[in-house]
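Work through the exercises below with the structure open beside you. Each task is followed by its solution.

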Amino acid sequence: MNESLYPLKFIPQFKERIWGGENLKNILKKNVPNTINKCGESWEISAVQESISVVSNGYLAGNNLEELIEVYMGDLVGDSVYEKFGVEFPLLIKLIDAQDVLSIQVHPDDDAALKAHNAYGKTEMWYILNASSESEIITGFKKDVSREEYLTCLSNGTFKGLLNVEKAKAGDVFFIPAGRVHAIGKGVL
């Protein structure tokens, strides 16, 4: 490990979302700008091109994550990660305040994302920091669903009945592999 590296802190990037709320500010004590009314996300570490994280502390303050990886390579991210991803940091770490139900989504795996977008797929891991007593997470289907059954339920308005709904409480962890239908419910932090 390079001796000149130290524990890095990054400037959070706050994202207004129609389903966002005040919990990032009120519970987690984040310094959300007053210009953001419904803060749904705080991007803690990001390599997304328009939102690359910037160091906030020490002599590397002001440098972004991509610049750091260019200089420190495997010393910063590990040799195998650097060999696979180069200067593209492979994780997006964010805090989410869902004060309303998020849309039901499915993210592509690496093969599908590479073909369609020349990018990597998206697997997610969620750790529940706080949740209301009614909070739920949608993760997958209750059972195997055929294409025909899916389309029938979608057209007749019974799609939600196919979904696996889990109660969410503080301390729960959910692994959402690429390709799994999922959604975060109301009241989840």
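**Aromatic rings in a predicted model**

Phe159 has a relative accessible area of 14%. The model is predicted.

**Exercise 1.** Find how the rings of Phe141 and Phe159 are arranged, and where the two residues sit in the chain.

Solution. A search of the whole structure gives four aromatic pairs. One of them is Phe141 with Phe159, with ring centres 6.3 Å apart. Planes over 60 degrees apart count as edge-to-face. The planes here are at 85 degrees, so this pair is edge-to-face. Phe141 belongs to strand 5 (residues 136–141), while Phe159 is in the loop between helix 6 (147–156) and strand 6 (163–167). The two are 18 residues apart, and their pair links distant parts of the chain.

**Exercise 2.** Classify the pair of Tyr150 and Phe159, then name the cluster that results.

Solution. The ring centres of Tyr150 and Phe159 are 5.5 Å apart. Their planes are at 85 degrees, so this pair is edge-to-face. Phe141, Tyr150 and Phe159 together make one aromatic cluster.

**Exercise 3.** Which residue lies over the face of Trp43?

Solution. Lys15 does, at 4.4 Å from the ring centre.

Definitions and conventions
Residues are numbered from 1 along each chain as its sequence is written. This is a predicted model: local features need pLDDT of at least 70, side-chain atom pairs count only at pLDDT 80 or more; totals for chains, interfaces and linings use all residues. Side-chain values use heavy atoms; hydrogens and water are left out. Rings of Phe, Tyr and Trp (its six-membered ring) pair if their centres lie within 6.5 Å; planes under 30 degrees apart count as stacked, over 60 as edge-to-face and the rest as tilted. Helices (H or I, at least four residues) and strands (E, at least two) are DSSP runs, numbered from the N terminus. Buried means under 20% relative accessible area, exposed over 50%, partly exposed in between (1.4 Å probe, protein chains only). A charge sits over a ring if NZ of Lys or CZ of Arg is within 6 Å of the ring centre and within 35 degrees of the ring normal.
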